[in-house]
Amino acid sequence: MNDSMDVIVRLLAIVVPVLTMVMAGLIGWVWLLWQDHNKHKLYCAENLLKSGAMQEVKDEIHGLRNIVYQIALKMDVPVFTEPYRR
């Protein structure tokens, strides 16, 4: 081999293992991110969306909707799904 090929082979002997380790590290990092993401989704499903809490939110929304309908009736704004009549 000539000198330029020898330099290229030596550089490749250094670069290829380094790139292999970098790729392995990136794959491991993405895998850990994916596991944490799934753990977070499970935590949200278990703790944040309990049926009692969802029912409370629905009740509050219905209460606010009724207030908005009452305001619309007092302002003579037509509402097609009025729960209250005059």
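## A pair in helix H1

Where do arginine 10 and aspartate 6 both lie, and how many residues apart are they? Both sit in helix H1, which covers residues 3-48, with a spacing of 4 residues, or about one turn of the helix. Keep in mind that this is a predicted model.

In general, side chains of opposite charge can pair when their charged atoms come close. The tally for this model comes to 1 salt bridge.

As for cover, arginine 10 is exposed, at 57% relative accessible area. Aspartate 6 counts as partly exposed, because its relative accessibility is 31%.

## The chain as a whole

What's the overall makeup? The chain has 2 helices and 0 strands. It runs to 86 residues, and 7% of them count as buried.

The chain exposes about 7900 Å². Carbon and sulfur atoms supply 70% of that area.

## After helix H2

Helix H2 spans 51-74, and aspartate 76 lies in the segment after it. The backbone here deserves a look: phi of aspartate 76 is near 55 degrees, a positive value in a residue other than glycine. Most residues other than glycine have a negative phi.

Is aspartate 76 buried or exposed? Aspartate 76 is exposed, since its relative accessible area is 56%, and the cut-off for that label is over 50%.

Note on methods
Residues numbered from 1 in each chain as written. Predicted model: local features only at pLDDT ≥ 70, side-chain atom pairs only at ≥ 80, totals over all residues. Heavy atoms only, no water. Buried < 20%, exposed > 50% of the residue type's maximum accessible area, 1.4 Å probe, protein only. Areas by Shrake-Rupley, 256 points an atom, 1.4 Å probe, with all protein chains shown as cover. Salt bridge = Lys/Arg side-chain N within 4 Å of Asp/Glu carboxyl O.
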